[in-house]
Every structure is written in structure tokens, then in C-alpha cells.
Amino acid sequence: MRHLILATLCLGLLAACGGLGARKHMPQEFRRVEADFDQAWEAAVRTLTERGYDIRTIDRPAGIIETGWLTTNPDYAATILVTEREDRYSACGKPGLGQAFRAKEARLALALRPTRRGETGLRIEAFFRTQRYSDAPLWGNRPLGDVECNSRGRLEEELKVEVQLRALSDQLERLRRGAP
């Protein structure tokens, strides 16, 4: 009887720890890119397509680019006790008792706006999700839906730097060719 009470208490503690959410990352303000709007726009579109993102919305007059979901970490797995192949881009918290998380996907929303000659404002927001599954031995391995994960801000910063570098390299290439 004593062991049964102890086991029940331990399972209760595990269940209480399950499903802890991760810290929310606040959206960024517009960051300065040292390039004209057209150069920054082309650099952003090329960066996204070369990284494998499917661009779903592209509204140049409004300065909006949105992508579809892309699997960014297919090896990610988490249970209440163990997390494997965590990445530096997002935090998904812990699944509840009898549940597991598998794989991570990302979707991006970019906003560009001209600020002054030779400068563009760029804001990038990354959204992450993982799939939740039943991990209980008796109920099988069935999907339970998606779980939203929180960005750590690193993917957004990486993309901003890549867009800046690509825009600068395009400027240098034009100067090398003698074009304005």
C-alpha cells in the first residue's frame, strides 16, 4: 500500500511538470538594412527561396512577405523526461504525461519599408510548431495536433544578417560591373 501511494505521488508530480510552456519572444522592431528598398526586397526573397521556404504571400507595395510551413528540425523529439535534438531557434516546452513532440516547423513573416535613401527597415517574425502525439503504450501512437512553440529570436537575427550581406554583395557586384 505504501509503494502504491508513493508511485501515485510520483506520477502526480510528473503530470504536474508536463506541459510547461516556454518563454514568449516578443516581436522585433524594424531593424535597419543598409540598402535601398528594391535591393533589400530582392535580397529577402532570394534568401527565403534559397533556404527552401515556399513564399505564400508577396505584396511588394505593402512590403509584406509570408512563407508557408517548412520542416526545420525533423529529428526533434521530446517526452516528459527526455528532449532530443533541441535546436537554437525555438522552445516548445515539455509535453504532458503520455504525450510526445516530434519534428519542428517554421513559418516566417517579413515586413520591409523604405526609411530613407540607402536604408530599409526590416522586421522578421518566425512562428514555430511541433506535432504532439500520444506516447502512452496502451493507446498507441496517434497524432493529437500541433503545438505552438516560441521563437528564441535567433532565426530572425540570422535572416536579417543574411539579407544585409546579400544586399551588400549585390551592391558590390553592380559597382564592379560599373552600374549605378
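**Salt bridges and a disulfide in a predicted model**

Reader: What makes arginine 123 and glutamate 125 a salt bridge?

Author: In this predicted model, the closest N and O atoms of arginine 123 and glutamate 125 are 3.9 Å apart. The cut-off is within 4 Å, so the pair counts as a salt bridge.

Reader: Why is arginine 123 called partly exposed?

Author: Its relative accessibility is 26%. Buried means under 20% and exposed over 50%, so arginine 123 falls in between. Glutamate 125, at 23%, is also partly exposed.

Reader: Why is glutamate 119 called buried?

Author: Its relative accessible area is 12%, and buried means under 20%. Glutamate 119 forms a salt bridge with arginine 32, with the closest N and O atoms 3.9 Å apart. That pair links strand β8 to strand β1, 87 residues apart.

Reader: What makes cysteine 92 and cysteine 149 a disulfide?

Author: Their sulfur atoms are 1.9 Å apart; the rule asks for within 2.5 Å, so the pair qualifies. Cysteine 92 lies in the loop between β6 and β7 and cysteine 149 in strand β9, so the link ties together parts 57 residues apart in sequence. Both cysteines are buried.

Definitions and conventions. Residues numbered from 1 in each chain as written. Predicted model: local features only at pLDDT ≥ 70, side-chain atom pairs only at ≥ 80, totals over all residues. Heavy atoms only, no water. Helix = DSSP H or I, 4+ residues; strand = E, 2+ residues; numbered from the N terminus. Buried < 20%, exposed > 50% of the residue type's maximum accessible area, 1.4 Å probe, protein only. Salt bridge = Lys/Arg side-chain N within 4 Å of Asp/Glu carboxyl O.
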